[in-house]
Amino acid sequence: MGLLDRLSGLLGLRKKEVHVLCLGLDNSGKTTIINKLKPSNAQSQDIVPTIGFSIEKFKSSSLSFTVFDMSGQGRYRNLWEHYYKEGQAIIFVIDSSDRLRMVVAKEELDTLLNHPDIKHRRIPILFFANKMDLRDAVTSVKVSQLLCLENIKDKPWHICASDAIKGEGLQEGVDWLQGYIVY
Ligand SMILES: Nc1nc2c(ncn2[C@@H]2O[C@H](COP(=O)(O)OP(=O)(O)O)[C@@H](O)[C@H]2O)c(=O)[nH]1
Ligand SMILES: [Mg+2]
């Protein structure tokens, strides 16, 4: 975080809410990650699961997270796509130990990147190569290759290896993201 950011934070100038979309396949670790990111002095952070399709919303004074599973509910896709418009940052979570579904994760990522509400925006994308603690996990470099991340040329992106249960790697990712969010 830059000095100016920190200063404006201290002075209470930065009150604007930031909408973060947290996406990925089910079971990749999204809910675990968001829970870890919430400040321990959790204020009014309501979890509002929407009936019928799984959308969770977490809110703090300045952050608003919208979390949804991109697979297993294809018929609800048009219901969650409208959240793309309000997103100012994307956190895309991958289960690094699930080689079999990595190809599905790539398909979902490609669909996301080609969506009209995402395609032409310089929205920053933070990738968490999650579950790094598991024996079957591939490295974040390998995840990045499997998802062809080097093809993303028009958006700032960054990949971090993470262990959401221990909370490792999360802060590094969020520090990166903060510098790229356009307020
Ligand atoms: N070993 C390990 N398990 C994880 C990690 N992150 C999440 N999990 C577990 O993976 C399962 C799915 O996590 P969850 O956050 O519900 O995934 P979501 O469906 O993407 O929201 C849960 O049993 C978590 O405890 C991790 O970094 N390492
Ligand atoms: Mg979840």
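Which helix gives the most to the shell around ligand 1? I found that helix α2 (residues 30-37) does, with three residues. Helices (H or I, at least four residues) and strands (E, at least two) are DSSP runs, numbered from the N terminus.

A note to myself on the ground rules. This is a predicted model, where local features need pLDDT of at least 70, side-chain atom pairs count only at pLDDT 80 or more, and totals for chains, interfaces and linings use all residues. Residues are numbered from 1 along each chain as its sequence is written, while chains are lettered from A and ligands numbered from 1 in the order in which they are written.

Entry: the ligand. I counted 16 residues around ligand 1, a residue being near if its C-beta atom, placed from the backbone, lies within 6 Å of the molecule. The closest are G29, K30, T31, T32 and A164. By class I got three nonpolar, seven polar and six charged residues in this shell; Ala, Val, Leu, Ile, Met, Phe, Trp, Tyr, Cys and Pro count as nonpolar, Asp, Glu, Lys and Arg as charged, and the others, Gly among them, as polar.

Entry: the sheet. I read an open sheet of six strands in the order β2-β3-β1-β4-β5-β6, with mixed pairing; two strands pair if DSSP finds at least two bridges between them. At the edges I found β2 (55-59) and β6 (157-161), each pairing on one side only. β2 runs antiparallel to β3 (residues 63-69), with five bridges, and I55 has F68 as its bridge partner in β3.

Entry: the helices on the sheet. I see α2 packing on the sheet, where it touches β1 (18-24), β2, β3, β4 (89-95) and β5 (125-130); contact means C-beta atoms, placed from the backbone, within 7 Å. Helix α7 (residues 170-178) lies across β4, β5 and β6.

Entry: strand β4. Is β4 buried or exposed? Seven of its seven residues are buried, so β4 is largely enclosed by the rest of the structure; buried means 20 or more other C-beta atoms, placed from the backbone, within 10 Å of a residue's own. A89, I91, V93 and D95 point one way, and I90, F92 and I94 the other. I followed I91 both ways: I91 is the bridge partner of C22, and L126 is the partner of I91 in β5.

Conventions: Contact = placed C-beta atoms within 7 Å. Axes fitted to C-alpha atoms, helices over the stretch in contact; angles between N-to-C directions. Buried ≥ 20, exposed ≤ 12 C-beta atoms within 10 Å, placed from the backbone.
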